[in-house]
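Take a moment to look it over before reading on.

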Amino acid sequence: MSFSLPPSVLLEGAIVGLDYGLLAVGLVLIYRTSRVVNFAQGQLGVVAAVFLVKLYYDYGFNYWAALAIALALAAAVGAVSELVLRRLFNRPRVMVMVATIGLSQVLFLFTVFPFIRPKKLFRAFPVPINWTFHVGTFLFSPGEVLTLIVAPIVVIALAAFIRLSSWGLAMRAMAENAESARLSGVWVRRTSTVAWTLAGALSAVTAVLASPGQTSALTEVLSPDLLLLALLAALIGGMVSLPVAFVAGIGVGVVLDALQWNFTNPSSGTASVELVLFLLLLAALLVRAASLQKGARVGERSSWAMGTAAFRRTGDALRRTVGATGVGITLLVVALLPFVVGVGHSFLMSQICIYGVIALSLTVLTGWSGQVSLGQFGFVAVGADIASHFSSLPLVLLLPAAGAATALVSILVGLTALRIRGLYLAVSTLGFALFMQTSVLATSCWTVPLIHKQICSGLPNPESTLIGSPSLFGINLSSAQAMAWFSLVVLVLSVLMVRVWRDRGVARRLIAVRDNEVAAGSAGIPVVRTKLLAFALSGFMAGYAGVCLAFATQRFSTDTFDPTFSILVVSMVVIGGLDSIPGALLGALYLEGLPAIFGSTPTVEFLTSGVGLVAFILYLPGGLAQIMHQLGDLVTAGVEHIRTRGSPPVEPADPAPAHPVDPHQGRSPSPAAAGTFSMADP
Amino acid sequence: MTGVGSAPAAAPAAEGPRTGPARLDIDELVVAFGGLRAVDGVSLTIEAGSIVGLIGANGSGKSTLLDAVSGIVPLAEGRLRLDHEDLADYVPHERARLGVVRSFQDCRLYPELSVEDTLLLCEDARHRIDVLSTTLQMPWARRAERQKRLAVDRVIGSFGLERFRSHSTGHLSTGTRRIVDLASIVLANPRLLLLDEPTAGIAQREAEAFIPLLRRLHEVTDSTILLVEHDVPLVFELCSTVVVMQTGEMVAAGTPEEVRRDPRALAAYLGASEEALNVSGPIASSSGDAPPGPPPPGEGG
């Protein structure tokens with residue numbers, strides 16, 4: 001195969017790359033002031049772009065007037081977003097990142113509102129000019145010409161603003177060291193609002209420039225793969241350099257177009273392009289790791305401090321009885337459900353149970369070990385892929401085997417986490433999930449380059465794979481009811497396993513390494529092995545959950561493992577309570593169950609995840625688990641009240657004050673008191 | 001942090017766990033950060049069972065020296081030997097298993113772990129149980145966990161930490177956190193103990209109580225202690241050898257008496273004034289009723 005690069009491909013790649021570059025510049029702008037990867041960067045401006053269409057067609061506005069209004073709207077959206085997220089100023093950056101995911105989903109909602117959405121959806125996006133030109137036989141449309149002219153001007157203007165204005169100086173100071181910038185008189189919060197306002201407007205420009213190519217209704221400009229491309233460019237710029245990020249964006253566009261021109265073939269789609277993309281991302285992360293680490297440490301230094309750690313089981317026997325009774329009743333009700341509900345709901349039940357297991361796997365990895373994975377469905381995909389190849393194996397063998405194999409893959413992904421962490425790990429795991437979906441699963445068979453041997457590692461049929469019906473000890477599990485029970489059993493066993501890890505020494509090692517790596521190492525805990533252990537355990541769970549998911553859905557395609565589901569699982573864990581076992585299950589129930597009750601329209605789904613996510617992070621850091629614990633306390637107090645009728649009710653011991661303080665602050669044992677300790681050799 | 005697998009870890013285990021204080025040989029040690037030589041050619045032998053105090057102005061390389069011994073920063077040149085083992089062969093967690101135990105100046109511990117879990121962690125480091133046995137709750141895993149909890153219960157009792165057992169260490173006062181740190185040191189069974197400013201962040205009056213406390217720690221753990229400290233009287237009272245550092249180099253070393261008279265040491269750190277020596281009041285009456293003096297020169301190094 002020869003490699004060719006006609007000028008038209010080069011130019012087209014550059015035009016697409018300009019959009020990536022603009023997005024990347026927006027990401028960098030926000031990162032420099034807020035130290036967060038803004039997953040809503042694309043969505044900030046989409047509302048405005050959609051509104052522009054409405055103004056232009058429905059209200060008959062002049063294009064430029066409509067554009068001005070749209071840009072103002074986008075700037076306002078950016079500023080308001082910052083005001084909302086500002087409340088998270090002192091929270092771990094990872095939480096803020098998850099909040100931006102929620103934000104992007106909320107913003108998506110706005111585009112469906114009737115006063116923003118245009119009446120007719122399938123009209124061409126308005127373009128103010130009608131210039132075109134040819135390169136070879138390739139015709140460049142007015143939209144592309146517009147991009148070619150406007151994008152560089154916008155970036156140069158932005159760069160000038162940051163270089164020359166006092167706001168720009170403040171932004172640069174904050175990028176270096178927010179704490180000292182604040183001490184030397186930079187109005188940190190206002191500066192960050194300005195940055196978000198700019199980013200909002202920039203995002204609108206991006207959306208307006210990127211939209212003419214798309215003929216259908218634009219609602220979501222920033223799909224995970226587009227975001228990943230922009231992130232790649234931003235990472236090449238080290239998350240700080242605007243010009244490098246912009247140029248890198250153009251480069252990414254050119255490289256991608258060139259690859260697509262040369263390597264796309266009907267049999268394997270864009271698989272090899274995605275592979276190259278993933279490798280590029282990994283390379284950018286690893287090469288940039290040292291400089292990224294420097295910046296990351298400022299934000300990551302703060303403790304996990306979710307407020308959830310205060311959930312310690314009280315020694316109160318009554319409270320424990322209440323808790324156990326609650327769990328028992330719930331389990332009984334759920335176990336009886338398949339008798340009364342139909343096939344559809346039995347399928348839903350197995351799905352919720354499986355999502356529960358996946359969420360638990362993330363509790364181990366993110367909640368305990370502090371490693372943010374946005375690619376959990378990549379691991380699930382590995383498990384499902386194994387199931388599709390070995391569906392004839394008995395389940396008792398297949399589940400642990402797939403789990404173990406996925407654990408190995410997970411450790412490989414985890415190896416990158418040794419060099420990069422926090423937000424960058426999130427990016428690389430997202431890349432991994434995309435790579436699994438679009439490259440590994442989508443390629444049924446491929447030829448190993450040097451030895452010319454064919455390996456069939458992907459799904460047998462990427463479009464629609466049908467899997468044989470499973471059986472457990474001779475019992476056929478093909479009915480939806482049987483599968484629901486089986487999933488419930490898997491979930492219960494998983495919970496028991498995770499509880500053992502929590503109470504018998506695994507969790508404390510993971511948390512220690514997360515909280516203070518250096519001290520844990522000096523105390524004799526092998527840091528590297530412990531981090532990889534978290535990946536192995538998490539991958540193991542996600543792997544066998546993938547097997548279950550494959551059997552529960554019976555027929556699946558690569559879309560079953562879309563990276564957006566990984567983000568959904570992150571939402572589950574955050575909504576439930578980041579390091580809580582019941583929280584993960586409650587989160588799965590909330591995000592999978594609610595849509596089932598209120599209908600499964602995309603609107604409801606995004607409402608439950610987007611609005612819920614932002615609201616939970618803002619107002620309920622302990623998540624649903626916190627509500628459940630408080631409910632348990634209430635019931636306990638009620639029971640106590642009935643028991644001791646007549647005497648005043650006992651105040652429930654609040655297990656989770658919003659900001660726990662040491663109640664014995666003033667009475668800590670003095671060293672003098674401890675000086676008298678007598679200690680036999682332990 | 002080097003690779004995952006580590007062959008030398010098996011070596012000490014084969015000879016059985018060693019006990020008793022260890023001797024540390026520091027030979028022409030250089031630690032460099034870029035062009036800066038934070039520790040510049042220090043040679044020092046710390047005899048088994050001694051208490052050696054390391055003093056010097058901020059930035060003189062004291063903490064970096066401890067970091068080098070515990071393996072947190074790499075050596076540029078020189079050698080570190082613990083008894084006859086070359087420490088360069090061991091990554092930090094393996095050094096901990098050799099008996100090199102370290103306390104940190106900031107004493108941050110693990111903010112989200114409870115006091116009980118923090119102490120159990122020391123036991124985890126000494127008695128490892130693989131995850132599979134834990135997951136399947138094998139008899140030996142259950143027994144090991146029970147024994148760990150017994151050992152931790154004893155320590156919690158003797159340090160008076162019962163009230164704080166289930167508190168997150170992040171919510172404790174600095175003084176209480178130091179106690180938790182000392183408790184974990186006792187559990188870790190050190191042979192060489194590296195203490196980085198154990199009195200930092202503690203009131204002057206309480207700092208005086210540290211002298212009997214550290215003596216007791218020395219006795220109970222039966223270890224060698226290398227102590228970095230700004231409280232000069234405490235160091236002179238406690239240590240058999242005092243080492244003075246300045247800009248990464250060792251300028252004086254000897255018994256407290258010798259160092260007190262050493263003009264270089266006085267110039268480097270003691271400021272040629274008797275005032276600094278009396279920060280904690282007269283050394284003879286360090287029982288706690290001495291009038292509180294001005295704060296020790298400088299906190300944090």
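The domain assignment of chain B, where bounds come from an automatic or database domain assignment, gives domain 1 (50-99 + 189-293) and domain 2 (109-188). This is a predicted model, in which local features need pLDDT of at least 70, side-chain atom pairs count only at pLDDT 80 or more, and totals for chains, interfaces and linings use all residues. Residues are numbered from 1 along each chain as its sequence is written, while chains are lettered from A and ligands numbered from 1 in the order in which they are written.

Q: Which helix supplies the largest share of the side of domain 1 of chain B that touches domain 2 of chain B?
A: The contact takes 12 residues from domain 1 of chain B and 9 residues from domain 2 of chain B; two residues are in contact if their C-beta atoms, placed from the backbone, lie within 7 Å. On the domain 1 side, α3 (92-98) and α9 (210-221) of chain B each supply at least two residues. The largest share, 3 residues, comes from α9(B).

Q: Which residue in β9(B) stands opposite Leu54(B)?
A: Helices (H or I, at least four residues) and strands (E, at least two) are DSSP runs, numbered from the N terminus. Strand β3 (residues 51-56) of chain B runs parallel to strand β9 (residues 241-246) of chain B, with 5 bridges joining them; strands pair if DSSP finds at least two bridges between them. In β9(B), the residue opposite Leu54(B) is Val243(B).

Q: How many residues of β3(B) are buried?
A: A residue is buried if 20 or more other C-beta atoms lie within 10 Å of its own, exposed if 12 or fewer, and partly exposed in between, with C-beta atoms placed from the backbone. On one side of β3(B), Ile51(B), Gly53(B) and Ile55(B) are buried, and on the other so are Val52(B), Leu54(B) and Gly56(B). The strand is mostly covered, and the buried count is 6 of its 6 residues.
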